[in-house]
Amino acid sequence: MRACPINCTAVKQQLRTCFRITNDVDRMSRGNPCQLPAMLPDYDPNDNEAGMKILEDLTENVDRMQQLVLEEIITRNARTEYLEGFLNGQCDMQVFKDKVPVVNYEDIKPYIERIANGDSSNIISADPIIELLTSSGTSGGQPKMMPSTAEDLHRKTFFYNLLVPVMNKYVNGLDEGKAMYLLFVKPETRTPSGLMARPVLTSYYKSSNFKNRPFNRFNIYTSPDETILCSDSKQSMYCQLLCGLVQRQDVLRVGAVFASAFLRAIKFLEDNWKELCSNIRDGHVSDWITDPSCRNVVSLILSKPDPDLADLIEHECGGESWEGIIKKLWPRTKYIEVIVTGSMAQYVSTLEFYSGGIPLVSTMYASSECYFGINLKPLSRPSDVSYTLIPNMAYFEFLPVNKNRENGTHDVQCNGVCKENCSEDVETVDLVDVKLGQYYELVVTTFTGLYRYRVGDILMVTGFHNKAPQFRFVHRRNVVLSIDTDKTNEDDLLKAVTKAKAIVESLGFLLIEYTSYADTSSIPGHYVIFWELTSKGSNHLPVLDPKLMEQCCSAVEESLDSVYRRCRRKDNSIGPLEIRVVQHGTFDALMDFCVSQGSSVNQYKTPRCIRSEEAIDILDSRVVGRFFSRNAPSWEPGK
């Protein structure tokens, strides 16, 4: 086997130049002359100036940092079974790009399953794999398992710490109160090898990095760790909301991971505010809260009866409308922190209804595979959110994709031939070489054993911060509806539903949730969209005008791409689009089903297209109205 040709002394000097650090690099690389540094500069997260300086250094030195990242990953892992099969012991970046293929999950699944079943981590990683991270279960079907190492937890902590100085740059006084972040865990499962398999956020919240985190005056939560770590999601939600209400005057920001999770919390509050007020009035936690850790810690916060606070909450929650309820209950709130990009964008109008004008902030872009990027302009409108990829988190490559003007899909360019699922002979683009306005699929090489792995996210370059590209999340690859030659992706479906829901919203209704499926039980098949509607300010299902709902069906069809409209109007290969209105709480039942099948409560996102017959049965059993488009949509050749 060949020796590693990388000059470690030169690498350390380059890192000093990038980060202006000395002892940390020597400490991280001490003991192994070819063990490269971990590239996580150490700093006090309470020091905003130091945090911003690191971000500026990272985004100014993107090319150099990306080279160092790939060099370190190759050097550490060149002798793993997976890489040695391609590199033959060579620690060379160009050989890596020439020999190591771009892969999908199915390509690496056998290696990960071997580790789950007891084989050595050295199959794919020189560092011990300490757990496997499961995907949300709603992106592309079954949960996938991603390798994770102890160092990866430190990398996530570094990433989270970088969010703080960015927010402090735009919002003053965040150290003068607390954050009411509603965070949850899912009980983990154990693989045959003994490794835990759990969602990425459950992994982090259960780690010592989170539980033993140093004091940060900018990140004090109203929720005690015991309530976050409670495995009973209902008890966890109740206790976290109770703590947040009791400490309402201290709350400066509220949020959850996804917009959908935050809206579920609002619905939970709507259903349980009377009981919460009773607890506050009596100074006693409800008897059904049986988790001892939760009960003890919440009892300390509740401490004594507070009838005045209970009266205030009753007055606000018992009003005619819940419009602006967040501002009414937590009057000092400066922003709501939730992810509102991608499929979460459909929740923006509902969040705005409840928020009372409070800004919506989407801070980060991450997945089970890796933490990717930060929103450096957090107060931008949800539709304008872009993420700057942080170049020391992983090695980033990009597959150029073309937006097909006729059918609205994104096709990967593979040596001039468009093949959505190709994994060989792919010409990738480096992070520093992406072009403004172009679409790409993200490919990552991580520190944890993923090499040139297709994440499945389609991104568009929107700008640059220093020399670091910024990206808008467009949609997940391969999430589509299709009956004939039509292909409707998640982003285009969202746009069409947004057009249609404006019709009902103008009359005082809210679209709470939606999903869809391609119904091929009849000929021709047709699109079915399930809608859960409510009247603004109540949980009651509105009385629906059939003609109005038929207009909504037509609005969706008119907003879809030309191939769909051609199939409907000219080819008659697709039947009239159908909207099925479901009763209140239906999408909670769908979530319960998905969680029972392995999805994480904390990471759950309503699937925009469902294929499970059981899930469709759950929705169909709660349908209260069915409406079809009466007229075929307009279509002309070339338009």
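## Terms and model

Two strands pair if DSSP finds at least two bridges between them. Helices (H or I, at least four residues) and strands (E, at least two) are runs assigned by DSSP and numbered from the N terminus. The model is predicted, so local features need pLDDT of at least 70 and side-chain atom pairs count only at pLDDT 80 or more, while totals for chains, interfaces and linings use all residues. Residues are numbered from 1 along each chain as its sequence is written, and side-chain values use heavy atoms, with hydrogens and water left out.

## The sheet

An open sheet is formed by 4 strands in the order S2-S1-S5-S4, with mixed pairing. Strand S2 (145-149) and strand S4 (189-190) are at the edges; each has a single partner strand, so one side of each lacks a neighbour in the sheet.

S4 pairs with strand S5 (residues 196-199) in the antiparallel sense, over 2 bridges. Arg190 stands opposite Met196 in S5.

## Helices across the strands

Contact here means heavy atoms within 4.5 Å. Axes are lines fitted to C-alpha atoms, for helices over the stretch in contact, and angles between N-to-C directions run from 0 to 180 degrees.

Helix H7 (residues 105-116) lies across strand S1 (129-134) and S2, at about 55° to S2. Helix H8 (residues 150-170) also lies across S1 and S2, but runs at about 90° to S2.

## Helices H18 and H19

The axes of helix H18 (residues 490-505) and helix H19 (residues 546-559) come within 8 Å and cross at roughly 155°. H18 is therefore roughly antiparallel to H19. Angles under 35 degrees count as roughly parallel, over 145 as roughly antiparallel, 65 to 115 as roughly perpendicular and the rest as oblique.

H18 contributes Ala496, Lys499, Ala500, Ile503 and Val504 to the contact, and among the residues from H19 are Leu548, Met549 and Cys552. The contact residues divide into 9 nonpolar, 2 polar and 1 charged. Ala, Val, Leu, Ile, Met, Phe, Trp, Tyr, Cys and Pro count as nonpolar, Asp, Glu, Lys and Arg as charged, and the others, Gly among them, as polar.

## Helices H13 and H15

Helix H13 (residues 259-282) and helix H15 (residues 307-317) pack at about 165°, with axes 8 Å apart. H13 and H15 are therefore roughly antiparallel to each other.

Trp273, Cys277, Ile280 and Arg281 of H13 make the contact with residues of H15 including Pro307, Leu309 and Asp311.
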